[in-house]
Amino acid sequence: MVQDSAQQAPSVTPATPARALLPAILPALAVGVISSLLLVGVEVAAEELEDVLWRTVPDALGIGRYSVAWMFVMLFATGVAVGLVVWKVPGHAGPDPATVGLDAPILPPVVLPGLLLAAALMLAGGPSLGPENPIIAVNVGLAVWLGGRLLPRAPGRIWPVLAEAATIGALFGTPVAAALVISEVLARQETRGLLWDNLFAPLTAATAGSLTVALIDHPSFDLNLPSIGRPGWSDLLAAIVVASVGALLGMCAVRAFPYVHGAFGRLRHPMLMLPAGGIVLGGLAALGGHLTLFKGLDEIAELAHDPDGWSAGEFAVMTVVKLAALLVAASCGFRGGRIFPAVFIGTALGLCAHALVSGVHPSVGVSAGVLGVLLAITRQGWISLFVAALLVASPGIIALLCVASLPAWLLVTGRPQMQLRQDGTSLR
């Protein structure tokens, strides 16, 4: 009987001893600081170049900063500049960005300078992509290269995880985002030890990255929207509807992604694909206005500053135009990520819902819209919930988002993702 009971008892996962975790602290701290400094450096350089291109030069020429003509010129010129980098710089600025997600490939060192340059030019020039994918890829490649030389006895697989966690922590200004993303990755893998044993080193790197950025740049994602107080049934209904609409809208772009990518791919050469994409983006900017340019974080702050400052029709146009701009920029070869533009799309959608139905609280509309769009674009539930809640500093919103995520997830799970295989077909 004793033996039978012992055989039936559930196995307990052994914990990793502290002495096995302690050696990872210093490498994780180093990776976190270096990764965050690289991110801040690229973003500062891009902002300085953006100021020259979009303010100094047009003012000197007597042209409107965001006139239709100047937007066409700048987006076409950005396509030419990035096309030259992809064509001529060693490494060709890395693989096709349509085939890469947050889980970055390990790139050789020769590729990294070109990828950094292409990302900085893109950020300054106005295409609707964020810095996350190329910066993560650069930090992963740099960590693997430096780590393999400085600490050759360390497990090679640790460096990509540390660099990804550090960069995500730096991007969002908190290690919580990295912990959520890494926990999703770990759930798909066979791991030894407890969850927090596996998260210890990545969380250390993410903490170092987020603290470094906080000390240097003081980032804030709170849009200062009105607090919802205690949510009611109408808020729950609004969150479910807006999140589901956001998920369906995002899936429209996901479905179109391989076809748009294939259309640009027929041009075959980066000096044709990227300038052509710039021309299309210029037309979209002329339609949607200058707020639909760039990665979108500064622009959503402007929208949230006056949520009643635009009509429902204007918000709808910005939503659709930004979605199309994200689709084009991600398809024609610009090096960038899709999370931050998706946040703008969800924000504009939520404010459109508020403008259409005054009973939809702007905080509920924005957070639910961002949740739905991000679920479709990223297919990562934790990061979608986290970013949506981060924009609205209201404890009551979290329960609404958790409920709203369920029907939205049913709309996107098992369907194509906004990432392609090497042959141009969609991942599932």
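How many Å separate the centres of domain 1 and domain 2, taken over C-alpha atoms?

Modeller: A word on ground rules before the numbers. This is a predicted model, where local features need pLDDT of at least 70 and side-chain atom pairs count only at pLDDT 80 or more, while totals for chains, interfaces and linings use all residues. Residues are numbered from 1 along each chain as its sequence is written, and side-chain values use heavy atoms, with hydrogens and water left out.

On to your question: the centres of domain 1 and domain 2, taken over C-alpha atoms, are 21 Å apart. Domain 1 covers 23-216 and domain 2 covers 233-412, with bounds that come from an automatic or database domain assignment. Their contact (heavy atoms within 4.5 Å) draws 52 residues from domain 1 and 40 residues from domain 2. Together the two domains bury about 3900 Å², and carbon and sulfur atoms give 73% of that. Buried area here is the accessible area, with a 1.4 Å probe, that two parts lose on being put together, summed over both. On the domain 1 side, Ser128, Leu129 and Phe172 supply 18% of the area buried against domain 2, more than any other three residues.

Now the helices, which are DSSP runs of H or I with at least four residues, numbered from the N terminus. Axes are lines fitted to C-alpha atoms over the stretch in contact, and angles run from 0 to 180 degrees between N-to-C directions.

Take helix H4 (residues 68-88) and helix H11 (residues 270-288): their axes come within 7 Å and cross at roughly 160 degrees. That makes H4 roughly antiparallel to H11; the cut-off is over 145 degrees, with under 35 being roughly parallel, 65 to 115 roughly perpendicular and the rest oblique. The crossing is right-handed, meaning the near helix is turned clockwise from the far one by less than a right angle. Among the H4 residues in the contact are Phe72, Phe76, Gly79 and Trp87, and H11 brings residues including Met271, Leu274, Gly278 and Gly282. By class, the contact of H4 with H11 has 18 nonpolar, 5 polar and no charged residues. Gly is counted as polar in that scheme.

Helix H14 (residues 339-356) packs against H10 (residues 233-265) at about 135 degrees, with the axes 10 Å apart. H10 and H14 are therefore oblique to each other, and their crossing is right-handed. Val242, Val245, Gly246 and Leu249 of H10 meet Ile345, Leu349, Gly350 and Ala353 of H14, a contact with 6 nonpolar, 2 polar and no charged residues.

H14 also packs against helix H15 (residues 362-378), at about 140 degrees with the axes 7 Å apart. That makes H14 oblique to H15, again in a right-handed crossing. Ile345, Leu349 and Gly350 are among the H14 residues here, with Pro362, Gly365 and Gly369 among those of H15. This contact of H14 with H15 divides into 12 nonpolar, 7 polar and no charged residues.

Note on methods. Helix = DSSP H or I, 4+ residues; strand = E, 2+ residues; numbered from the N terminus.
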